[in-house]
Amino acid sequence: MALLILYMMSTKACTTTSTEPLKRSENKVGIGLLHCSPESVIKFYQDYDSKSPYDSLKTEKVRFGLNKGKANFKTSSLGSKLQPYVLVEGDSDLEGKSNINVGLIRFSPEIIFRVLEKKGDEFTVLINEKSGYTSVIKLHKKNDYRTTQEYGEDFFFDPNFVDTADADWYLYESWEQALKGAWSIEVPKNTLFFKEPNGEQTYMPTNDYGFGIDSLSGDWARFYRKFPDDDSEKNSKYWAKWKNKDGIIVNIILHGGYE
């Protein structure tokens, strides 16, 4: 009888340990973005109180074949459940050489999570944008990319040109910082513009090159022509919604048109 009880306890313990502690969120916007270095090991915790991670993300370079040089993202158990805001493997050696030959650059791997909550240098992030699975990532202030940079209102981050020797860097951007610093913002064709939030409707011509944003007020943002066709458009600034309860409405091109 004692052996049977021990067996049942052991079986239960094993089952509990192997179950992925994934929580879900209905939050479709979050508070910002977390950029992580593809050279670091990103550890995932169930919650803020967890002492040990349940899984981690490691990046290894593909060493052979046509994909040689690309990033190979590896986890122990998450596998295809890991679908964050951005997970880009970057160029292979061949692609990088081809891009450079035509005057472009070799595009780097990129890892970005949507942040739902932030407590100091610990972040609750969406690890799966479709299912809403969340996890906590615990980082260290000494690795904060912003502490190594001199930046102001026009701070612009591009993962293809990271200016730090710290392999474990990370960068958190609030949505306000991300929107103001984005390379370009694309809006739906049926977007309505106003002279002020909930104010008088006005007209703003469409723009194939997207808009910039210089101010936020809740769901509203003030847009301007990022690349105006002539001087008369430089001071045209009108308000429209960038998000609603169902999520983010605009398309945010974070850097250099590479998204």
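**Cavities, strand pairing and aromatic contacts**

A search of the whole structure finds two cavities of 30 Å³ or more. The structure is a predicted model, in which local features need pLDDT of at least 70, side-chain atom pairs count only at pLDDT 80 or more, and totals for chains, interfaces and linings use all residues. Residues are numbered from 1 along each chain as its sequence is written, and side-chain values use heavy atoms, with hydrogens and water left out.

Rolling a probe the size of a water molecule over the atoms shows where empty space is left. On a 1 Å grid over the protein atoms alone, a cavity is a set of points where a 1.4 Å probe fits but cannot get out. A pocket is an open set with protein on both sides within 12 Å along at least five of seven lines. Lining residues have an atom within 4 Å of a point. Grid points are joined across faces, edges and corners, and a volume is the space filled by probe spheres set on the points.

The largest cavity has a volume of about 60 Å³. Its lining consists of His35, Phe155, Phe156, Phe157, Glu173, Ala178, Gly181, Ala182, Leu254 and His255. By class, six of these residues are nonpolar, three polar and one charged. Here Ala, Val, Leu, Ile, Met, Phe, Trp, Tyr, Cys and Pro count as nonpolar, Asp, Glu, Lys and Arg as charged, and the others, Gly among them, as polar.

The second largest cavity holds about 40 Å³. Residues lining the second largest cavity include His35, Cys36, Pro38, Phe157 and Trp169. Seven of its lining residues are nonpolar, one is polar and one is charged. Strands E2 and E7 each supply at least two residues of this lining. Strands (E, at least two residues) are DSSP runs, numbered from the N terminus.

Strand E4 (residues 55-61) gives the most, with three residues.

Strand E4 also belongs to an open sheet of three strands, ordered E3-E4-E5, with antiparallel pairing. Strand E3 (42-44) and strand E5 (71-74) stand at the edges with a single partner strand each, so one side of each is left without a neighbour in the sheet. Neighbouring strands of this sheet are turned by 20° against each other on average, direction ignored. These axes are lines fitted to C-alpha atoms. Two strands pair if DSSP finds at least two bridges between them. E3 and E4 are joined by three antiparallel bridges. Lys43 has Ser56 in E4 as its bridge partner.

Strand E2 (residues 32-36) is mostly covered, with five of its five residues buried. Buried means under 20% relative accessible area, exposed over 50%, partly exposed in between (1.4 Å probe, protein chains only). E2 runs antiparallel to strand E7 (residues 110-119), with five bridges between them. His35 is bridged to Ile112 in E7. Five bridges also join E2 to E10, again antiparallel. Leu34 stands opposite Tyr172 in E10.

Five of the six residues of strand E9 (residues 133-138) are buried, so E9 is largely enclosed by the rest of the structure. Strand E1 (residues 23-24) joins E9 through two bridges and runs antiparallel to it. Arg24 is the bridge partner of Tyr133 in E9. Strand E8 (residues 122-126) is antiparallel to E9 over five bridges. Val125 stands opposite Ser135 in E9. The hairpin of E8 and E9 has six residues between the strands, and Gly132 takes a positive phi near 85° there.

The structure holds 12 aromatic pairs. Rings of Phe, Tyr and Trp (its six-membered ring) pair if their centres lie within 6.5 Å; planes under 30 degrees apart count as stacked, over 60 as edge-to-face and the rest as tilted. Tyr145 and Phe157 form an edge-to-face pair, 5.3 Å centre to centre with 75° between the planes. Both residues lie in the loop between E9 and strand E10 (170-174), so the pair ties together parts 12 residues apart in sequence. Tyr145 and Phe157 are both buried.

The ring centres of Phe193 and Phe211 are 5.7 Å apart and the planes lie at 50°, so this pair is tilted. Phe193 in strand E12 (residues 193-194) and Phe211 in strand E14 (residues 211-217) are 18 residues apart. Phe193 is buried at 5% relative accessibility, and Phe211 is buried at 3%. Tyr85, Trp175 and Trp242 form one aromatic cluster.

Terms used. Helices (H or I, at least four residues) and strands (E, at least two) are DSSP runs, numbered from the N terminus. Axes are lines fitted to C-alpha atoms, for helices over the stretch in contact, and angles run from 0 to 180 degrees between N-to-C directions.
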